[in-house]
Amino acid sequence: MRNDPTGLARWGALGVAAALVLAGCGAGGGDAGGGGDDTGAELEASAEDFLAGRGEELGVGSISVLAQSSPQADAIQQISGQFTELTGITVDWTILDEQSTENRAAVALGSGDGGYDVLQTPSGFIPTYVDRGWLEPIGPLVDDAESIVPGWDLAAFGEGTTSLLSREDELYGVPMFIGTQMFYYRTDVFAEHGIDAVPTTYEELVDVVHQIHSDDVAGIALRTAPSPSQLLFVWSAWLYANGGSYYETFDDGTYSGSALDSPEAVESLTTYTDLVQNYAPSGATNWSVDDVTRAFASGRVAIVQEGAVFGGTFNNPEASQVAGNIDSFTLPEGPAGSYVPYNTHGWTIAANSDATDAAWLFTQWATLAQTLTAATQTDANFGAPPLAEVYESPEYEESYGFGSFVPTVTGTIGIANDGGVSPFEDDPNYLPATPDWATVGQQIAEELSKAVTGQVEVAEAIRAAAAYLE
C-alpha cells in the first residue's frame, strides 16, 4: 500500500539536481586537505582488521575526495582520520560550495587526467556523468565478496535510494545522505487550542490550520518562491496525494503526455494557495526555505513543511525560540495516499581514478552504519544519514531526538520505501527526471506562482503551466 508509513523494504529518492541544495547543503567552504581528526566510529573488530589488512594489501598512499561544503561531507571529513589510521591511506579533501564543486567535478572528470578518486555526486547528475563515461560502475565492486568490509551491506540502503544512483540497472554510487520533508508544529499552540492529535489527512491539516491561526502566530508557512526547488518541491507532494501528476505516463525512463491540467491539480493548488494567502504570515507568497525556517524558529508560525535536517536546529535553544515546544508528523494522506519529497547524494568513484580499489574501500568505510552514527555526533549537524538503523541508535536519539521526531523520520522513509515518491510505480524520481526539467520546471513554477500571489485564478495558472509539458 502506498500509504503505509511503516515499510522499510524499499527507499525512493528525488533525482532533480535543482532540489538537492535543500537537503541541508551549506554554502562556502574551500580546499581542505588532510584526513580530519582522530575520532571515529566504534567499528567491529572484524571491520577494523579488514580495513587494516586491505589497506596494506593495496599499498596506496593517498586518495583524493571532492565534496560539497555540507553537514554530511563535513561530518565524514572530521572523522576520516580513523580511515587513515586503519588503512594507512591518507584522504586529501577538497570541499567547496555547491556550484564550485559541480564545476570542479566536470573539469576533473571530463579532462581524463584524473585529479579526484571519490566525488560527492547528486543523484540528478548520475545520468549525465554516466553517459559521458565519467564514473566507475559500483556493481562489479559490490559483487567482489573479497573487497567487502564486514558489516557493510548495500541492501540496507534500499532499492529506491540506490536506484537514483543507478543508470540502466547499473549502480554508480553509494548513498551518503538523504533529503526529505515532514511537518513541524508548535506543541504549545496545539495545546492552547485543545488539539491533542496531529492531522493524518490534508483535510484534517487544513482544519487544524484554521483553528490555530491568529494575529500573533500564523497557522502555517510553506515554500512559495517560483522555482522547482521551492514551490514545486513542496507542493508536488500535495499534487500526488490528491491523485494528480505532471505527466500521463512513465515507461522505461520516458515521460509522455501532459496531465497537469486536471481537477486534482486545481484542487491541490487551490488549497495550497488559500493557506498561503490567508493563514501564513504577511508577505509569505514568495518565500524560500530560508524564510520558512526563520519564521518557524522565531515563533511567527505554528506549522511548516520542511526538511528533516532542520529538526536539530528547530529544537536547539541557541538557534530557535521555539525549542522545547515543537514536535513533528509525517506528510498526511490524500485520496491517492501519502507522498514525500525525497532525494540523495552518493559517493561515486571517478572512472579515471588510479586508485579505484582504495576509493571503494573509503566509500564503504564512509557508509558503514557505525561511521554514519559517529558522523551524527560531530559538530557538523549531520542529521540526515541514509540508513534507518542510524536514526534508531541511542547516539542519534540523544543528539536529535525530541517528541516524535525519530518516528517521523522513519515513518517518512517508510512512505518513500512503499513508493510514495512518484505517482508512477516504476519511477524513483519525485520531480520528473526529464533532460529539460530545469527549464520546464522553472516555467511551471513561475506560472503556478501567479496563482499563489493572486495575479491569476488557479485554473488559469494550471492551464498555462500544463502547456509547457506538451
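These legends go with close-up views of a predicted model.

**View 1. The largest cavity, with strand E4 giving the biggest share of its lining.**
Start with the empty space inside the protein. Rolling a probe the size of a water molecule over the atoms shows where empty space is left. The count here comes to four cavities of 30 Å³ or more, and the largest cavity has a volume of about 70 Å³. Which residues line the largest cavity? Look for Leu66, Gln68, Thr101, Glu102, Ala105, Leu119, Gln120, Thr121, Pro122, Phe125 and Tyr129. At least two lining residues each come from strand E2 (62-68), helix H4 (98-111) and strand E4 (118-122). E4 supplies the largest share, four residues. Sorted by class, the lining has six nonpolar, four polar and one charged.

**View 2. The second largest cavity and the residues around it.**
This cavity has a volume of about 50 Å³. Its lining includes the tyrosines Tyr240, Tyr246, Tyr247, Tyr255 and Tyr430. Also lining this cavity are Ser422, Pro423, Phe424, Asp427, Asn429 and Pro432.

**View 3. Helix H11 packing against helix H20.**
Now for some helix pairs. Two packed helices are described by the angle between their axes and the distance between the axes. H11 (residues 263-279) and H20 (residues 458-467) pack at an angle of about 125°, with their axes 9 Å apart. H11 passes H20 in a right-handed crossing. On the H11 side, the contact is made by Ala265, Val266, Leu269, Thr270 and Thr273, and on the H20 side by Val458, Ala459 and Ile462. By class, this contact of H11 with H20 has six nonpolar, two polar and no charged residues.

**View 4. Helix H9 alongside helix H11.**
Are H9 and H11 roughly parallel or oblique to each other? H9 (residues 202-212) packs with H11 at an angle of about 10°, and their axes are 12 Å apart. Angles under 35 degrees count as roughly parallel, so H9 and H11 are roughly parallel to each other. From H9, look for Val206, Val209 and His210, which meet Thr271, Asp274, Leu275 and Tyr279 in H11. The contact of H9 with H11 has four nonpolar, two polar and one charged residues.

**View 5. Helix H10 crossing helix H11.**
Here the axes of H10 (residues 228-241) and H11 come within 9 Å and cross at roughly 125°. That makes H10 oblique to H11. The crossing of H10 and H11 is right-handed. Which residues of H10 meet H11? They are Leu231, Val234, Trp235, Trp238 and Leu239. Their partners in H11 are Ala265, Ser268, Leu269, Thr271, Tyr272 and Leu275. Sort the contact of H10 with H11 by class, and you get nine nonpolar, two polar and no charged residues.

Technical notes
Residues are numbered from 1 along each chain as its sequence is written. This is a predicted model: local features need pLDDT of at least 70, side-chain atom pairs count only at pLDDT 80 or more; totals for chains, interfaces and linings use all residues. Side-chain values use heavy atoms; hydrogens and water are left out. On a 1 Å grid over the protein atoms alone, a cavity is a set of points where a 1.4 Å probe fits but cannot get out, and a pocket is an open set with protein on both sides within 12 Å along at least five of seven lines; lining residues have an atom within 4 Å of a point. Grid points are joined across faces, edges and corners, and a volume is the space filled by probe spheres set on the points. Ala, Val, Leu, Ile, Met, Phe, Trp, Tyr, Cys and Pro count as nonpolar, Asp, Glu, Lys and Arg as charged, and the others, Gly among them, as polar. Axes are lines fitted to C-alpha atoms, for helices over the stretch in contact, and angles run from 0 to 180 degrees between N-to-C directions. A crossing is left-handed if the near helix is turned anticlockwise from the far one by less than a right angle, and right-handed if clockwise. Contact means heavy atoms within 4.5 Å. Angles under 35 degrees count as roughly parallel, over 145 as roughly antiparallel, 65 to 115 as roughly perpendicular and the rest as oblique.
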